[in-house]
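Please read this briefing alongside the sequence and the model, which are shown just below. The points that follow are grouped by topic, so that each can be checked against the coordinates in turn.

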Amino acid sequence: MTPEAEAGWRQRARENPLDFARWMFKARKNVRWELGAHHYAIEAALLRVYAGETKRLIINVSPRYSKTELIVNCMAWTMGQYPDSEFIYTSYSGRLA
């Protein structure tokens, strides 16, 4: 990746939680994350939480659809924007939670 392309990605990752999640996925797993329509729907719901329009959110999606990846990275993105953010994250699995 060229330095200009990397700078563009970094800027988008700062501005958008979905791009941040894709950036982190690539950094951790060295695999490009292909997005589906459900990722945009989840991002829209998470952005409503970020904006304060939604106080509680439950996301029910089948296993292996990268919802955990997106949610965890969105929490990290939000904490980068507002370090005093607070979240309660639960999961069926102690390892995921």
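This is a predicted model: local features need pLDDT of at least 70, side-chain atom pairs count only at pLDDT 80 or more; totals for chains, interfaces and linings use all residues.

Helix α4 covers residues 67–81, and what covers its buried residues includes α1 (3–15), α2 (17–29) and α3 (37–50). The structure also holds 4 aromatic pairs, and positive phi values occur at Asn-30 and at Ser-66.

**Helix α4 and what covers it**

- The buried residues of α4 are Lys-67, Glu-69, Leu-70, Ile-71, Asn-73, Cys-74, Met-75, Trp-77 and Thr-78.
- An α-helix has 3.6 residues a turn, so residues three or four places apart point the same way.
- Glu-69, which is found in helix α4, has a relative accessible area of 13% and therefore counts as buried, the cut-off being under 20%.
- Leaving aside neighbours within four places in sequence, Glu-69 is in contact with Phe-25, Arg-28, Lys-29 and Trp-33.
- Glu-69 and Glu-15 are 54 residues apart along the chain, and their C-alpha atoms are separated by 18 Å.
- Asn-73, also a residue of helix α4, is buried, with a relative accessible area of 6%.
- With neighbours within four places in sequence again left aside, the contacts of Asn-73 are Phe-20, Ala-21, Met-24 and Arg-28; Arg-28 is also listed among the contacts of Glu-69.

**How α3 meets α4**

- The axes of α3 and α4 come within 11 Å and cross at roughly 35°, and the crossing in which α3 passes α4 is right-handed.
- On the α3 side, the residues that meet α4 are His-39, Ile-42, Glu-43, Leu-46, Leu-47 and Tyr-50.
- On the α4 side, the residues that meet α3 are Lys-67, Leu-70, Ile-71, Cys-74, Trp-77, Thr-78 and Gln-81; among them, Lys-67, Leu-70, Ile-71, Cys-74, Trp-77 and Thr-78 are buried.

**Aromatic pairs and the cluster**

- A pair of aromatic rings is described by the distance of the centres and the angle of the planes.
- The structure holds 4 aromatic pairs; in one of them, the rings of Trp-9 and Trp-23 have their centres 6.5 Å apart and their planes at 35°, so the pair is tilted.
- This pair links distant parts of the chain, with Trp-9 in helix α1 and Trp-23 in helix α2, 14 residues apart.
- Trp-9 counts as buried at 18% relative accessibility, whereas Trp-23, with a relative accessible area of 21%, is partly exposed.
- Phe-25 and Trp-33 form an aromatic pair that is likewise tilted, at 5.4 Å centre to centre and with 45° between the planes, and both residues are buried.
- Tyr-50, Trp-77 and Tyr-82 form one aromatic cluster, and two of its members, Tyr-50 in α3 and Trp-77 in α4, are listed where those helices meet.

**The surroundings of Trp-9**

- Arg-12 lies over the face of Trp-9, at 4.5 Å from the ring centre.
- Leaving aside neighbours within four places in sequence, Trp-9 is in contact with Met-1, Asp-19, Arg-22 and Trp-23.

**Two loop residues with positive phi**

- Asn-30, which lies in the loop between α2 and α3, has a phi near 55°, a positive value in a residue other than glycine.
- Asn-30 is exposed, with a relative accessible area of 59%.
- Ser-66, which lies in the loop between α3 and α4, has a phi near 65°, again a positive value in a residue other than glycine.
- Ser-66 is partly exposed, with a relative accessible area of 22%.

Note on methods:
Residues are numbered from 1 along each chain as its sequence is written. Side-chain values use heavy atoms; hydrogens and water are left out. Helices (H or I, at least four residues) and strands (E, at least two) are DSSP runs, numbered from the N terminus. The expected span of a helix is 1.5 Å times one less than its number of residues. Buried means under 20% relative accessible area, exposed over 50%, partly exposed in between (1.4 Å probe, protein chains only). Contact means heavy atoms within 4.5 Å. Rings of Phe, Tyr and Trp (its six-membered ring) pair if their centres lie within 6.5 Å; planes under 30 degrees apart count as stacked, over 60 as edge-to-face and the rest as tilted. A charge sits over a ring if NZ of Lys or CZ of Arg is within 6 Å of the ring centre and within 35 degrees of the ring normal. Axes are lines fitted to C-alpha atoms, for helices over the stretch in contact, and angles run from 0 to 180 degrees between N-to-C directions. A crossing is left-handed if the near helix is turned anticlockwise from the far one by less than a right angle, and right-handed if clockwise.
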